[in-house]
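Please read them with the sequence and the coordinates open beside you.

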Amino acid sequence: MDFKTFLHAGSNRRAMLKGMGVAAVGFSLTGALAGCGEKEAKKLANGEEAKLNFYNWDTYIGETTLEDYKDSAGVDVNMTLFASNDELFAKLRAGNPGYDVIVPSNDFVERMAAADMLMPLDQAQIPNFKNVAKDYQDVPYDPARKYSMPYTWLALGIGYRKSKVKAVPDSWKVLFDSDEYKGRIAVLSEAGDMFRLYGKYMGKSVNGLTDADLKAIEAMMIKQKPNIKAFHEDNGQDLLLKGEVDLVLEYNGDIAQAMVEDSDIGFVIPKEGSQLNSDNLCIPKGAPHPKNAHAFINYLLDAEAGKKITETILYPTPNDAAKALMPDAYKNNPVIFPPADVLAKCEYAKFNPELQPKYEEAFTRVRAA
Amino acid sequence: MSGALQDWKSQKKPFAAVVTAPVFWLALFFVAPMAIVWLYSFGQNAGPADIEISGTLDNYKRATEWLYVSIFLKSFAVAGLTTLLCLIIGFPVAMAITFAAPKWRPWLLLGIMLPFWTNLLIRTYALMALMGTNGYMNKGLAGLWEGASWLRTLVGMQPLDAWTPVQLLYNNFAVVLGLVYVHLPFMVLPLYSALDRLDKSLIEASLDLGAGHLKTFMQIVVPLAAPGIVAGVMITLIPALGAYLTPDLMGGTDSQMIANVIERQFKRANDWPFGAALSFLLIYAMFILIAFQSMRSNKVKAA
């Protein structure tokens, strides 16, 4: 790994920190405690002290967003980082250690709402909700946006090295059911995503898999295993950039970042459809500064603030007002905003507490086979 | 040792004063949390964030299914191979340090310790950079290959085919190599401390009395270094058995070890009770290993 790719690995919200999970926990805990424990600061008009503890993914905010917010609202935002939804969930599982705003993905919004870990949002305090695109104002994983506000969304697809493929790999077949690119493929290590996408390949809904489907998918996975080089921990774009593999199952936002560095990289959402994810702003129960949290979420949904965030992270934004301010190179990028007919075949995965352990056990069998 | 033992029996109060703090520490931060995890292993999920401890044995029943037993066995095999390689590589290294000139010894020891002081993750990433398809090892091999090809053209033979990179990373070979690399200091240091105490005149006597080098090594050095070997084996085998970062980062599609499975239970599967049961089976296995070792050392003492 040369220095540039090392830097790149560090600049991705999901890749580098994941391995450093332990270190990150240590950091964020001290950070959060330092944020809460300081001596009584001046009070705001809403009766809360001028502080806010924000628990976010790495490199998932605009370069100056937190400073801009301090200048406009006078609130110190203490941002600490997590590397996976599991880490976020584990941290809050035994009670909120002092976070005001968190950024869980859609299935974890459902899971945390089911576990009674989220505070219902007061939409009257978030007027910028009007900036959110219609499609994201009411979503199946959080009806009427009771607990969450959309921050970004992503779609899984195939990232590939253009010079090494014969044709655009526009079907899951090349990854899941073919030896055409033997030993040059990396897929996700997340069991649930893998099973659901195999389901898509078989023409099923990501939320409609039966036990018989799981059995069939497991057999397909075992058959395909010799053709797969690695199960990656959501750092597929790095494997692609370094030339370790030529095809990779990844999120469109991650591949869009890689395409900035290497023009030989392409991305396609397979014709069978795919799975969508969305990261959301929520307030966990027991947040020490709930009014500041509402105000901060409202600020993040502002058009200008949203534009600055999007410029940095290059993920698809559900904020229409922010998107309107972005250059055409972003708005018309088919990787970041896939065509509507492709998106129509994509689905969100529902949180399913019965199926998750089954996915994991079946995937453990696949790895052991 | 026995003198010190008598001392604390006759002077209980000072001993109590000294021992209370560490015992309290151990109880609060080791025994209590482990007891909670142990209780979890007899429970089941009652909601996304709640565990009901119902006294069920289902988790253990599931953990002893062939799938998980086979992963346990595989982990033992990988950890055992790692330990064996560490011993084979580490013994000559420890010998070399022992017999080096005194002014060199601290530097050689520092050479062993230095990687030890670097974060495991950084060392693993560094190794991955070395071993990748376009890493330095493959670049070096490609250079040699091209050199050989050029030499063949010099003597009028056909040049070799184009170089195809060797797949060093993302397979079981990479996992064992990574584990050996990471655990070598654990083996070398106890071996060195055993060999350092060895009375070198015994080696001279053996050689003077006509034993060859190999015979001296097998019948004098190895038996005298046995406590160091046992300590080194234990201290390498146990962490290697619980390794999860190396198989995760360097392994291929079939390189999972038991610790990876445990990690997934606590994180993605959100099945803490089952993860706890697997963890405790691993801990019991380690207890048995340690018990074997202490039984063995008792026997040695008795003889």
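Which residue forms a salt bridge with A:Asp68?

1. The model is predicted, so that local features need pLDDT of at least 70 and side-chain atom pairs count only at pLDDT 80 or more, whereas totals for chains, interfaces and linings use all residues. Residues are numbered from 1 along each chain as its sequence is written, chains are lettered from A and ligands numbered from 1 in the order in which they are written, and side-chain values use heavy atoms, with hydrogens and water left out.

2. The partner of A:Asp68 is A:Lys308, with the closest N and O atoms 3.3 Å apart. A:Lys308 lies in helix H13 (residues 303–313) of chain A and A:Asp68 in helix H4 (residues 65–73) of chain A, so this pair ties together parts that are 240 residues apart in sequence. A salt bridge here is a side-chain nitrogen of Lys or Arg within 4 Å of a carboxyl oxygen of Asp or Glu, and by this rule the count over all chains comes to 25. Side chains of opposite charge can pair when their charged atoms come close.

3. Between chain B and chain A the count is four salt bridges. The side chains of B:Arg264 and A:Glu360 meet in a salt bridge, at 3.7 Å from N to O. The contact (heavy atoms within 4.5 Å) takes 33 residues from chain A and 31 residues from chain B. About 3200 Å² is buried between the two chains, and carbon and sulfur atoms give 53% of that area; buried area is the accessible area (1.4 Å probe) that two parts lose on being put together, summed over both. On the chain B side, B:Tyr170, B:Thr253 and B:Arg268 lose the most area to chain A, together 26% of what that side buries.

4. Within chain B, helix H5 (residues 105–116) packs with helix H8 (residues 172–197) at an angle of about 155 degrees, their axes being 10 Å apart. H5(B) is therefore roughly antiparallel to H8(B), a term used for angles over 145 degrees. Axes are lines fitted to C-alpha atoms, for helices over the stretch in contact, and angles run from 0 to 180 degrees between N-to-C directions; helices are DSSP runs (H or I, at least four residues), numbered from the N terminus. Among the residues that meet are B:Leu109 and B:Phe116 in H5(B), and B:Phe186 and B:Tyr192 in H8(B).

5. Helix H4 (residues 66–99) of chain B packs with helix H11 (residues 226–241) of chain B at about 140 degrees, with axes 9 Å apart. The contact includes B:Phe76, B:Cys86 and B:Phe91 of H4(B) and B:Val233 and B:Leu237 of H11(B).

6. The axes of helix H10 (residues 213–224) of chain B and H11(B) come within 4 Å and cross at roughly 60 degrees, and these two helices are therefore oblique to each other. B:Val222, B:Pro223 and B:Leu224 of H10(B) make the contact with B:Ala226, B:Pro227 and B:Ile229 of H11(B).

Terms used
Angles under 35 degrees count as roughly parallel, over 145 as roughly antiparallel, 65 to 115 as roughly perpendicular and the rest as oblique.
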